[in-house]
Amino acid sequence: MKKTVSRRPAANKTTVSLRCFEEKCRARYPITDAKPFCPACGGLLEVHYEWGDLDPEALKQRWRTRKMSTDPRDLSGVWRFREMIPFLPPEARIVTLREGNTPLLDAPRSAAYADMDRLRFKHQGFNPTGSFKDNGMTTGISQAVALGRKVVACVSTGNTSASLAAYAATGGLQAVILIPAGQVATGKLAQALEYGALTIQVETNFDGTWKLLSRLVEEAGVYLLNSVNPFRVEGQKTIIVEMMEQLEWQAPDWIVLPGGNLGNCSAFGKALREMRQLKLLDRMPRLAVIQAEGAAPLYQLFQRAAAEKKAPQELSLCPVENPTTLATAIKIGAPVSWKKTLQEIEATRGVCEKVSEQEIADAKAVIGRSGIGCEPASAATLAGIRKLVASNVIRKNDQVVAVLTGNLMKDPDYVLAYHQGTLAFSVAGKQRPIESRFGNPPVSVPADVESIKRLLVAGSK
Ligand code: F0G
């Protein structure tokens, strides 16, 4: 019998390269290139895909089926969506701690506080090291391993370093972290030490450490794993993919997130644009980036653009010289991914808002009272939503998902000070108290049942 030969053309495969983000440059490099910035113009790099034939319904089905699998890649809430991040060769080793898989939580109390009908939190604090950085670190470290790198480094306001330390240890690499001395929350510093990173506290702020690290990358050849690393951005994209799967592929009206170095916003926007290209979403949600008042260079850029009646893209970002906020995770004056974020805010018809220290503290306590909890930077989301609802930018009945970026236990000192009424914020050398409006201070009693009973009676009134 004559053998039939399949004449079907080979399926159109996705191709991948590194591309300079700057529109006037757009230089391309092989995906194995390890330079942190574009060698031609110094711009940020991005992973660029020419998507092959991908059937969106088949993808959704495959991702769902993988939930039953025990393959380590399928147990990861990042690599389960690997068709969205296809930059590694199939034989590559994946360094995973079962990241992602974070819940989408309904929060009626927080919704009421913001005067909304409904509000949901995508809680990245459920990650292995307690922040959204793990989504990007599994991809960043896996790429470092694929490239044969041995030493990986970052500067950090705390969460990146905790995550880098954990994933480097898992992958058998040496982690070097530079952190601003005395400005990193206790939980995060403790993690970096425990996971064995070389932890260098520098007498400067985040922006100062960034300048130092840039030189180390050039002069000492360490592999940079800050969010300028395009492979980290790829992992953080899956926060959005997982969110949409949890929403049954119905895009919300708004996705709200805190803004610091602005890597996460660029990852979210890239994810949304690519999901639209792949027909995984039928409409584009709007991004709302919330910054702390004392560290709000992006917000200021939008204000200037409005005042000068210009497009934000026509302006340059003016760094905030001495950023101040108790939300140390987002205490950044010169965010490196601001141009990428401008692009994503434009692509999603997004907005940028700022919130005060008191607003962050109150919102954080309300998220706590919702039984959820988060670290201060994450609470900027609820504070921002409340403001945006009050100013009619977000409507009361809009579908909103806020991304809580870090776990409550990251910054216990802040929590205790707030509830004990001692939280204060220093402005121009002067201490300004933060009111403990939702405070829940501990009560001390002698070791005697009657006094505890009296407290119970008083508490039930
Ligand atoms: N929320 C938390 C809890 C963070 O740790 C960070 C950033 C952000 C929000 C802001 O995200 O920088 O992508 O805009 N933390 C970095 C760090 C800077 O070093 O851990 P971004």
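Predicted model: local features only at pLDDT ≥ 70, side-chain atom pairs only at ≥ 80, totals over all residues.
1. Asp398, placement. Is Asp398 buried or exposed? Its relative accessible area is 4%, so Asp398 counts as buried.

2. Asp398, polar partners. The side chain of Asp398 makes a polar contact of 3.1 Å with the side chain of Trp254. The Asp398 side chain also reaches backbone: the nitrogen of Arg395 lies at 2.9 Å. With neighbours up to four places away in sequence set aside, the contacts of Asp398 are Met116, Arg118, Asp253 and Trp254.

3. Ser142. This residue belongs to helix H4 (residues 133-146). Its relative accessibility is 0%, so Ser142 is buried. Which residues does Ser142 touch, not counting those up to four places away in sequence? They are Trp79, Leu88, Arg93, Ile94, Val95 and Met137. Leu105 is another matter: Ser142 and Leu105 are 37 residues apart in sequence, and their C-alpha atoms are 30 Å apart in space.

4. Aromatic pairs, count and one case. The ring-pair rule gives 7 aromatic pairs. One of them joins Tyr49 and Trp51. The ring centres are 4.7 Å apart and the planes make an angle of 35°, a tilted arrangement. Both Tyr49 and Trp51 are buried.

5. Trp63 and Trp249. These two rings also form a tilted pair, at 6.0 Å centre to centre and 35° between the planes. Trp63 is in helix H1 (residues 56-65), while Trp249 is in the loop between helix H8 (230-246) and strand S10 (254-258). The pair therefore ties together parts that are 186 residues apart in sequence.

6. Burial and cluster. Trp63 has a relative accessible area of 0%, so Trp63 is buried. For Trp249 the value is 9%, and Trp249 is buried too. Ring pairs bring in Phe81 as well: Trp63, Phe81 and Trp249 are linked into a cluster.

7. Surface patch. Which residues make the nonpolar surface patch of about 440 Å²? Val443, Val445, Ile452, Leu455 and Leu456 do. Leu456 is located in helix H15 (residues 449-460). Its relative accessible area is 59%; the cut-off for exposed is over 50%, so Leu456 counts as exposed.

Note on methods
Residues numbered from 1 in each chain as written. Heavy atoms only, no water. Buried < 20%, exposed > 50% of the residue type's maximum accessible area, 1.4 Å probe, protein only. Polar contact = N/O pair within 3.5 Å; in protein donor to acceptor, adjacent residues only side chain to side chain. Contact = heavy atoms within 4.5 Å. Patch = residues over 30% accessible without salt bridge, like charges linked within 9 Å, V, L, I, M, F, W, Y side chains within 5 Å. Areas by Shrake-Rupley, 256 points an atom, 1.4 Å probe, with all protein chains shown as cover. Salt bridge = Lys/Arg side-chain N within 4 Å of Asp/Glu carboxyl O. Helix = DSSP H or I, 4+ residues; strand = E, 2+ residues; numbered from the N terminus. Phe/Tyr/Trp six-rings, centres within 6.5 Å; stacked < 30°, edge-to-face > 60°.
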